Amino acid sequence: MDEIDRAILRELQNDGRLSNQELAQRVGLTPSPCMRRVRQLEQDGVIQGYRAVIDPDAVDRGFEVLVSIEVARDREVVESFESALQDIPDVIEAHRLFGSPGCLLRIAVSDLRAYERLWIEKLTALSGVTEVNSQIIMKRIKEARGLPVDG
C-alpha cells in the first residue's frame, strides 16, 4: 500500500459518498486509475464496506451504556454467548477481552427503562454470564472517525 492508497482511505473515511471524480481529484489521480485502486482496496478487504453515520437520538437510541460482562471460561459457553449476542440488536458493539472483564459491550437503547428491561430479560439470562457491570455514557467526547492510515 502506497501513499496514494492511504490518501484514498483517508478521504473515503471522511466522506464515503465522494464521487470517483471528486476522490480522484483529491488524491491527484485521473478517475480511471483511482477507481482501479478503490476496487483493489475493496477486493483485498482493506475497505470492508460503506455506512451512513446516524444520529442516535433521531432513531430513539440516544441512551448508551458500556457493559462489562464476565462469562464462564469454557469454550462452548463462550461460543454460545458470542453467538447469542448476534441476535440482540441493542448490542451495537461487542469485544472479547484478555483478562477481566471477559467481554465489553456497547449498547444503544431509548432510555433507562429500556436498558433495565434488556439487562433483566437478555443480558443476565445469557448462558454462562456470571457478572454484568454497567457504565452509562454521560457524553461522547470523541466520535469514531476512522483509523489513522499514515505509514
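Q: Let's start with a helix: which exposed residues does the face of α2 turned away from its buried side carry?

A: That face of α2 carries the exposed residues Q21 and Q25, where exposed means over 50% relative accessible area, buried means under 20%, and partly exposed is in between, with a 1.4 Å probe and protein chains only. Helices (H or I, at least four residues) and strands (E, at least two) are DSSP runs, numbered from the N terminus.

Q: Before we go on, what kind of model is this, and how are things counted?

A: This is a predicted model, in which local features need pLDDT of at least 70 and side-chain atom pairs count only at pLDDT 80 or more, while totals for chains, interfaces and linings use all residues. Residues are numbered from 1 along each chain as its sequence is written, and side-chain values use heavy atoms, with hydrogens and water left out.

Q: Back to α2, which of its residues are buried?

A: Helix α2, residues 20-27, has L23, A24 and V27 as its buried residues. They lie on the same side of α2 because they cover an arc of only 100 degrees around the axis, the arc being that of the directions from the helix axis to the C-beta atoms.

Q: And what do they pack against?

A: The buried residues of α2 pack against α1 (3-14) and α3 (31-43), with contact meaning heavy atoms within 4.5 Å. After α2 comes G28, whose phi is positive, near 80 degrees.

Q: What does UniProt place at residues 1-64?

A: An unreviewed UniProt entry places the feature "domain: HTH asnC-type" there; the positions are in the numbering used here, feature names are shortened, and annotations may be inferred rather than shown by experiment. Over residues 1-64 the chain is 52% helix and 3% strand, with the end C-alpha atoms 37 Å apart.

Q: New topic: how many residues are in the largest nonpolar core, and which have the most contacts inside it?

A: The largest nonpolar core has 22 residues, and those with the most contacts inside it are V67, I69, L105, I107, Y115 and L123; such a core is a set of buried Ala, Val, Leu, Ile, Met, Phe, Trp, Tyr and Cys residues joined through side-chain atoms within 4.5 Å. At least two residues of this core come from each of β1 (63-71), α4 (75-85), β3 (103-109), α5 (112-123) and β4 (129-136), and β1 gives the most, with five residues. A second, separate core of 14 residues includes A7, I8, A24 and C34.

Q: Which residues of α4 are buried, and what covers them?

A: In α4, V77, V78, F81 and L85 are buried. Because they cover an arc of only 100 degrees around the axis, they sit on the same side of α4. What covers the buried residues of α4 includes β1, β2 (91-96), β3 and β4, whereas the face turned away from the buried side carries the exposed residues R75 and E76.

Q: What about E64, is it buried or exposed?

A: E64, in strand β1, is buried, with a relative accessible area of 4%. Its side chain makes a polar contact with the side chain of R140 (2.2 Å), a polar contact being a pair of N or O atoms within 3.5 Å where, within protein, one must be able to donate a hydrogen and the other to accept it, and residues adjacent in sequence count only if both atoms are side-chain atoms.

Q: Last one: how many disulfides turn up in a search of the whole structure?

A: The search finds zero disulfides, a disulfide being a pair of cysteine sulfur atoms within 2.5 Å.
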